[in-house]
Amino acid sequence: MAAEQTPDPLAVLRAAIEGAAARLDGDAGRRLTLERPPKPELGDYSTNAAMLLAPAVGTPPREVAARMREELVARLGASAERVEVAGPGFLNLFLSDGWHREAVADLLVRDRRAEPAGDEWVLVEFVSANPTGPVTAAGGRGAAYGDSLARLLEFTGQRVEREYYLNDTGSQVRLFAESIAARMRDQEPPPGGYSGDYVRELAEKLGSGADPDDLDALGRLGTEAMRTRIEATLSRFGIRFDTWFSERSLHESGGLEATLAELRERGHVYDSEGAVWLRTTDFSDDKDRVLIRADGEPTYFAADVAYHRDKIDRGAELMLTPLGADHHGYVPRMRAAFAAMGTDPDRYEAPIMQLVGIVEGGERARMSKRKGEFVTLDELIEDIGTDATRFFLLQRSHDTAVDLDLELARSTSQDNPVYYVQYAHARIASILRKAADEGRAAVAEPETIADAASAESALLAPAEPTERALVRRLLELPAEVATAAERRAPHRLCAYATATAADFHAFYRDCRVVGAEPGTEAARLGLCVATMRTIATTLGLLGVGAPERM
RNA sequence: GCCCCCGUAGCUCAGUGGACAGAGCGGCUGCCUUCUAAGCAGCGGGCCGCAGGUUCGAAUCCUGCCGGGGGCGCCA
């Protein structure tokens, strides 16, 4: 696409500011901002460049700003109506009709993906909840987060695979099998076992096809059944994994032994107290970690190290692994294991998800998989739907512990922010249907526009403050996506989607679209098309649908 | 005791060095003969946990303290 070559309207502004800054012989560096001022009287955009330059230049910020202003005016030419120095030394840019018209035209023809951040091969492992029960609401947060992260990275040009690590062997599976066996005999599960109703149901379903004395088989059958259920739940939630990686296969294939041997050969393994240890303290862990227990059984950690050896061998360059806060202590030892394998620990990245508390009727629901006391993701989806659930769970930073009040989520489902955003999308679709009915959509349809110049000649400049504000909001998408991806922060997209919808609703109030003056109508239809695409893209990155009617 | 996360409006939370600090929900008041009122506009609501420090400038960075959550297994 031709537009790919030309910088977008914001890049042009930024280049002008950087050029003006360079003339003053100052290095404003990366911290130079191009942002929307808090109030409309302060212009369309502002920059802090002069304030950053002041120390190096050696004159007060406002003086630097005054000198930069002249440079900037010259460089911006017809794009700017005027540039003002304000406050402590901000430069406020008031952009011209022409710039806004070009911006709308550009929005219509540009492929608005973020600048490729690289073409790294990223393996996102997420959820990976034990197949000894259904996915809980907390697991749903990890699911929504991991999937959105994967979508974000794909969008920014990375090669992404989604993987679920299935802990289908080990002590928890054994306990699960014992719990099933107990239910088959109409007994209570063993102490600390799984007492949820689903275990009873599973026992009934297995019925005569299973032998309560064959715990290996029960474990296998039980985890397979749970895996099927988990896959169905996540599929309903809009998530598909490329790979379901079985821990048991790691034991059976000898991968675990091979990794152990490799670590021993590298000199990081020692025997003590009947167990086999990895000297993770050589790589800044608090204490060494057991790989093989005194009873001869490998630990979960040993299998996980072997699993990551496998990821590395498969060619994964970045291994992104969102973990629940209850596993955060695990990160240093895994980084140490990477170092012990001679691999850069930075290739292992584990964003920590804070916990989800479910509150119902003022009561905090207990979350224990073993006790069978938890709210499942299935229940959440049934209660408030996939879109609302995903938006709810993604709205807040993964770093923040959130309480989800189920009653509130249900009762106010109509006021849920996700509907606010979706409504804007549906509203635009309705306008476009109306325009099509009246045969007016042609000029705004992307297919009919060869390039920005042809679009521009057909459009009049947006004049209303609210339509200009909407244009500026839409231009932010690539930067927002890039930031969200870099910071592993999909919640920023929720905020952006909400702000975009708000700007659209204000535009809708002020600006008649169908039936306006021809050039204005064309420009506004173009703005509607661009807004609809922006919202659809943003919601798509969150895994939320963008309906044409509501 | 040590480690991680969080203390921002009545509630749930955005805001990782810039202008008088924001959104949603809840409360109050207006707005549908015109492209969707799941909307818009307005009012009310704040010692940004506390105390120091760095900076021209701090909710944001540093230190200490207080409060909440999580973790410190040869469980996963």
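I'll start with one contact: a side-chain N or O atom of Asn92 sits 2.9 Å from a base nitrogen of RNA strand B. This is a predicted model, so please hear the distances as computed values.

Two further contacts with the RNA. At Glu273 the backbone is involved, with an N or O atom 3.3 Å from a base nitrogen of RNA strand B.

Which elements give two or more residues to the surface near RNA strand B? They are helices H2, H6, H15 and H19, together with strands E3, E8 and E16. H15 contributes the most, 8 residues. By type, the residues of that surface comprise 27 nonpolar, 19 charged and 16 polar.

There are 62 residues around RNA strand B, and those that come nearest are Lys39, Phe90, Tyr423, Arg427 and Ser430. Of the RNA atoms within 4 Å of the protein, 61% belong to sugar and phosphate.

Now to the sheet around strand E5, residues 159–166. Why is E5 described as largely enclosed by the rest of the structure? Because 6 of its 8 residues are buried.

E5 pairs with E4, residues 121–125, in parallel through 5 bridges, and Glu125 stands opposite Glu163 in E5. Between E4 and E5 the chain passes through helix H5, residues 137–155, in a right-handed β-α-β crossover.

E5 also runs parallel to E6, residues 243–246, with 4 bridges joining the two. There, Leu166 is opposite Ser246 in E6.

Note on methods. Residues are numbered from 1 along each chain as its sequence is written. Chains are lettered from A and ligands numbered from 1 in the order in which they are written. This is a predicted model: local features need pLDDT of at least 70, side-chain atom pairs count only at pLDDT 80 or more; totals for chains, interfaces and linings use all residues. Side-chain values use heavy atoms; hydrogens and water are left out. A residue is near a molecule or strand if one of its heavy atoms lies within 4 Å of it. A polar contact is a pair of N or O atoms within 3.5 Å; within protein, one must be able to donate a hydrogen and the other to accept it, and residues adjacent in sequence count only if both atoms are side-chain atoms. Ala, Val, Leu, Ile, Met, Phe, Trp, Tyr, Cys and Pro count as nonpolar, Asp, Glu, Lys and Arg as charged, and the others, Gly among them, as polar. Buried means under 20% relative accessible area, exposed over 50%, partly exposed in between (1.4 Å probe, protein chains only). Two strands pair if DSSP finds at least two bridges between them. A crossover is right-handed if, with the strands pointing away from the viewer, the path from the first strand over the helix to the second runs clockwise.
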